[in-house]
Amino acid sequence: MNITEILFWFLSALALTGALMMVTGKNPVYSVLWLIVVFFAISGHYILLNAQFLAIVNLIVYAGAIMVLFLFVIMLMNLNADNEPQKNKWLKFAGLIAGGSLLLILVGALRQSDALRTQALQTGGEIGLIHHLGKVLFTDYVLPFELTSILFLSAIVGAVVIGKKGD
Amino acid sequence: MNLILFSAIWGVGMMLGGLFIKNRSAAKNMALLGALLLTSGNLLELNGFAVFKSDFNGMLDYNRFGLLYLTVLSVALIFYFLLSGKEIEAVGKHPFEYFALLFFVMSGVGLVALFNNLLVLFLGIEIISIPLYILTGSDKRNLKSNEAALKYFLMGAFSTGIFLLGIAFLYGGSGSFRLQDLMLQQGDQYIVLLLIGVVLLLISLSFKVSAAPFHFWTPDVYDGAPTVFTSFMATIVKAAFFIGFLKVFSGAFSGLSENWRPSFTIIIVLTLLIGNITAVYQQSVKRMLAYSSIAQAGFMLFSVYASNDLAEQSLLLYAAAYCLSTIGLFAVLIKMNDYTFEGFNGLAKKEPLLAFVASVCVFSLAGIPLTAGFFAKFYVLSAAMKSGANLWLVIFAVIMAAVSVYYYFRIIAAMYFKEGGEQVLVTTPVYKWALMLVVVLILLLGVIPESALLNWLVLY
């Protein structure tokens, strides 16, 4: 086992533990903190995959900005462990079966991943660098990149329409 | 590309117009001008005059079907603005912003109709969805509107997540976002990854077009949203999602059709059954139309199911028939004070024209001959037959269409055979002329669908 594999298994275990603790945790603030652990572990995976820029952006945007938003919402809504509504038992059961079926299919598909291993890392180590990303964004993917501005503009207009005082 | 470009620019223009133009009622006229601009720009592109001819490295595909479909939708937008512009202004304090959001939605519609790359499809779907969440909740004082917006937003965000997961699997299996590269055959190496992608895309697109069992948001959202925006969501937006659906499944996944058709059959049967049977029990016309839009989606799913040469024609005709009829019926409904079936009582005596228009729209939705709905249903079902669908599936659809006659005709029965209360409807001459024009178009499509619309697909 070389260092990459050790890191991979460590980060995977960390991500899974964090995700499970986040879902099962009773206290929402603890859940948010576990979610941060998940984000850090996934960023570590991105670095292992040679996607340094993505790793940094993931940390800045998710672990930074979005987490703060989450914490604000939780604090403003004053959620506690005891006022969490009790869900219907049958509903939980149905959810378990539906989610479990999807998991089964995904696991079944990923059993093929042995075959995929040969395909990885053919593209070279430069692919995740910001230099390469910028070049691709402004040549091959220039249309989606520009179209995103319409999406953001409509979200901004929407925020103003919903949030403006006085009506 | 003309339509995408013009609608984005006009959306920005409307947004700035709200800043400088103090006359509120100017918004409607400006929007109408924009809709005319979209339609003419799109017609020009259909005849070869495009601002941008580039396909941006295979991101877009300017095929005739997509452009013609966009023409139909932009004509529907003109009628929508003509008939309901006043009500959009009356929703709240920001008329220019509502119109701006509607124009942004139209640019998303353009993307969904012309995409050739899953990234562009994703952006198009999001550009359609995010303004719609806002418009659903634009009646801020109304709790039902707030609830609908929140529900729509949460469920929509979830389905977006599923969509992205599907794209990720497809990328993992094929290494590309382009539709042509996703075109796969049985026995490819990474077939399982692709099949998972297909299933996830099927789920999230079914959610977007409100097919059962992913329809639970539809009645609440359509009922809670301001009625003008319900009209927009149920017609233009739904038709737009369908062309995206068809392009993905016929453009990329047709080689795998024996894998996804069984689940698709179940979705169609459930959608037709739940939509039609539940609509029978509704007391509010608005809620009934929400369920009827689910039922109509069941019919449009047939053309996605078929994915053959008839599929494009049938979806085009169905979208035209469905959009025109539903916009016409909603335009009459918006003028009512009472949205229950009783609200329609005795309308024929007071407003014979409105009652007549509503009847023609209802006939078309139910699929009565001589109206557009009949040929639309006919083409959709024959496309399914041609693709080798089970005969029982088609017979089931016809029976369900017969069920739909019951709840549609309750409106006609209320208008013509019952004595009504004393309600006064405020109408303008422009409104009445536009309604007449809708009726003329519905009848035209119902008598000569080929020369009125379908031949344009193959002409030139």
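This is a predicted model: local features need pLDDT of at least 70, side-chain atom pairs count only at pLDDT 80 or more; totals for chains, interfaces and linings use all residues.
Of the 167 residues in chain A, 10% count as buried.

Among contacts in chain A with a separation of 6 or more, 54% join residues 24 or more positions apart.

I turn now to one helix pair in this chain. Two packed helices are described by the angle between their axes and the distance between the axes. For helix α2 (residues 28-48) and helix α3 (residues 52-77) of chain A, the angle is about 175° and the axes lie 8 Å apart. Angles over 145 degrees count as roughly antiparallel, and α2(A) and α3(A) are therefore roughly antiparallel to each other. The residues that α2(A) brings to this contact include A:Val32, A:Ile36, A:Phe39, A:Phe40 and A:Tyr46. On the side of α3(A), they include A:Leu59, A:Tyr62, A:Met67, A:Phe70 and A:Ile74. By class, the contact of α2(A) with α3(A) contains 18 nonpolar and 3 polar residues, with no charged ones.

Is A:Asn78 buried or exposed? A:Asn78 is exposed, because 7 other C-beta atoms lie within 10 Å, and a residue counts as exposed at 12 or fewer. The C-alpha atom of A:Asn78 is separated by 9.8 Å from that of A:Pro28, although the two residues are 50 residues apart along the chain. A:Pro28 is also one of the α2(A) residues that meet α3(A).

Next, the interface between the chains. Here 21 residues of chain A are in contact with 30 residues of chain B. On the chain A side, the elements giving two or more residues are α4 (89-110) and α7 (142-163). Which of these gives the most? It is α7(A), with 14 residues.

Chain B has 19 helices and 0 strands. Of its 460 residues, 59% count as buried. Its C-alpha atoms fill a box of roughly 70 × 55 × 45 Å along the principal axes. A compact globule with 460 residues would have a radius of gyration near 23 Å, and the 21 Å of chain B agrees with that. Of the contacts in chain B with a separation of 6 or more, 82% are between residues 24 or more positions apart.

Helix α12 (residues 285-306) and helix α17 (residues 391-417) of chain B pack at about 155°, with an axis distance of 11 Å. That angle makes α12(B) roughly antiparallel to α17(B). The crossing of α12(B) past α17(B) is left-handed. From α12(B), the contact is made by B:Val285, B:Met288, B:Ser292, B:Ala295, B:Phe299 and B:Phe302. Their counterparts in α17(B) are B:Ala397, B:Met400, B:Ser404, B:Tyr407 and B:Ile411. The residues of this contact comprise 9 nonpolar and 2 polar, with no charged residue.

How values were computed: Residues are numbered from 1 along each chain as its sequence is written. Chains are lettered from A and ligands numbered from 1 in the order in which they are written. Axes are lines fitted to C-alpha atoms, for helices over the stretch in contact, and angles run from 0 to 180 degrees between N-to-C directions. Helices (H or I, at least four residues) and strands (E, at least two) are DSSP runs, numbered from the N terminus. Angles under 35 degrees count as roughly parallel, over 145 as roughly antiparallel, 65 to 115 as roughly perpendicular and the rest as oblique. A crossing is left-handed if the near helix is turned anticlockwise from the far one by less than a right angle, and right-handed if clockwise. Two residues are in contact if their C-beta atoms, placed from the backbone, lie within 7 Å. Ala, Val, Leu, Ile, Met, Phe, Trp, Tyr, Cys and Pro count as nonpolar, Asp, Glu, Lys and Arg as charged, and the others, Gly among them, as polar. The radius of gyration is taken over C-alpha atoms; the globule rule is 2.2 Å times the number of residues to the power 0.38. A residue is buried if 20 or more other C-beta atoms lie within 10 Å of its own, exposed if 12 or fewer, and partly exposed in between; C-beta atoms are placed from the backbone.
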